[in-house]
Amino acid sequence: MKIHEHQAKEILRAHGVAVPRGKLVQSAEEAVAAARELMASGNGVVVVKAQIHAGGRGKGGGVKLARSPEEAGEIFKKMMGMQLVTHQTGAQGQKVRKIYVEEGCDIARELYLGITLDRAIGRNVMMASSEGGVEIEEVAAKHPEKILRARIDPVVGLAGYQARDLAFGLGLSGSAVNSFVKFAGAMYQAYVATDASIVEINPLVVTKQGEVIALDAKINLDDNALFRHKDLAALRDPDEEDPREAQAKEHDLSYVGLEGNIGCMVNGAGLAMSTMDMIKLAGGQPANFLDVGGGADEAKVTAAFKLLLADPQVKAVLVNIFGGIMKCDVIAAGIIAAAKQVNLEVPLVVRLEGTNVEQGKALLAKSGLAITPADDLGDAARKAVAAADKA
């Protein structure tokens, strides 16, 4: 689950991470008042920041400097409600509904600091780079030698010597080293305490006074751990999510919308990925990732069909089911009932394999519905692509 920058900073602040003071505002008048308060005890400058779940906001016009309270108010008027386009939102952009006013700081250097799980080694890894303000993927591709790593023992946690090694590797000295060590330790504690999947500070700034501060902050939370964090689950912003994905969560479906025209309904994440790959190999474009899980029933299959057909780009549907825990005849009955209930009008290709597969195929054949059976995944993908092209 993604959260906004201002929410991430509140979490980090609660764990002792140094972040600038700021206020979430909902009107130009509130922006003026917040700027006046922050300027009075700061350096006379504030930053007005659009709050959306995407990076690259500055390049898209979503981060502006204000040198007076009145200017902050004017920026608010232009920014609120704008369709902010960044490299992460796509061409459609994201509507700005929340704005954060934050105190400015005297920046001497911009760095990068992040923590995530390295699945290859089964350890959390803290990454640091001198290339702050630049996408870490870009740094990894062009200058991999500029990414420093500390592999963290889950029992010991982030050791002091590891944080100091990162600080020295970044070229820090004097009081900035101690500030960085304290910052990194608190950031790791926040990461662990919230069951985050990633905590990223980009840029992490070193001020002219030698303090290390999180100028920006990104935290993604592990959905599977939210049952332990009811307070964090409440931070979800439905306005920032694809409505289809939000609807899928209500029915315990794993759904991600894509840009193709072949709707996919599969049981199992790995099988779903393979299905999308085969569609691409056959010359088509999947419209979604949709995993109905191992225990799907008629109600769940019906909800999945409704979700797929809500996408006007879908010209054909491919159902690919492996009957392990879930028997093929049960899922076939669910497909038939669901197709009738939603009045399915687009071509439907079904590939079944596994337990009770023959009974499942017999049910589909006798259903009276225009269902195209497939013998294997390759055959299913080719038939779905052909049906979508014809449609």
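Which element gives the most to the lining of the second largest pocket? Strand β10 does, with 5 residues. The views below show a predicted model, in which local features need pLDDT of at least 70, side-chain atom pairs count only at pLDDT 80 or more, and totals for chains, interfaces and linings use all residues. Residues are numbered from 1 along each chain as its sequence is written, and side-chain values use heavy atoms, with hydrogens and water left out.

View A. Buried means under 20% relative accessible area (1.4 Å probe, protein chains only). Strands are DSSP runs of E with at least two residues, helices are runs of H or I with at least four, and both are numbered from the N terminus.

**View B. Strand partners of β10.** Two strands pair if DSSP finds at least two bridges between them. Strand β7 (residues 107-118) runs antiparallel to β10 and is joined to it by 8 bridges; here E110 has V205 as its bridge partner. With strand β12 (residues 218-221), β10 pairs in the antiparallel sense over 4 bridges, and E200 stands opposite K218.

**View C. The β10-β11 hairpin.** Strand β11 (residues 212-214) is antiparallel to β10, with 3 bridges between them. V205 stands opposite I213 in β11. The hairpin has 4 residues between its strands, and G210 in the turn has a positive phi of about 85°.

**View D. The second largest pocket.** This pocket holds about 1,100 Å³ of space. A pocket is an open set of points on a 1 Å grid over the protein atoms alone, with protein on both sides within 12 Å along at least five of seven lines; lining residues have an atom within 4 Å of a point. Grid points are joined across faces, edges and corners, and the volume is the space filled by probe spheres set on the points. Of the 45 lining residues, G56, R57, N202, P203 and D216 are the closest to the centre. Elements giving two or more residues to this lining include β7, β10 and β12.

**View E. Gly73 in helix α3.** G73 is found in helix α3 (residues 69-79) and is buried, with a relative accessible area of 2%. Not counting residues up to four places away in sequence, G73 touches A28, A31 and V32, where contact means heavy atoms within 4.5 Å. The C-alpha atoms of G73 and I201 are separated by 27 Å.

Technical notes. Buried means under 20% relative accessible area, exposed over 50%, partly exposed in between (1.4 Å probe, protein chains only). On a 1 Å grid over the protein atoms alone, a cavity is a set of points where a 1.4 Å probe fits but cannot get out, and a pocket is an open set with protein on both sides within 12 Å along at least five of seven lines; lining residues have an atom within 4 Å of a point.
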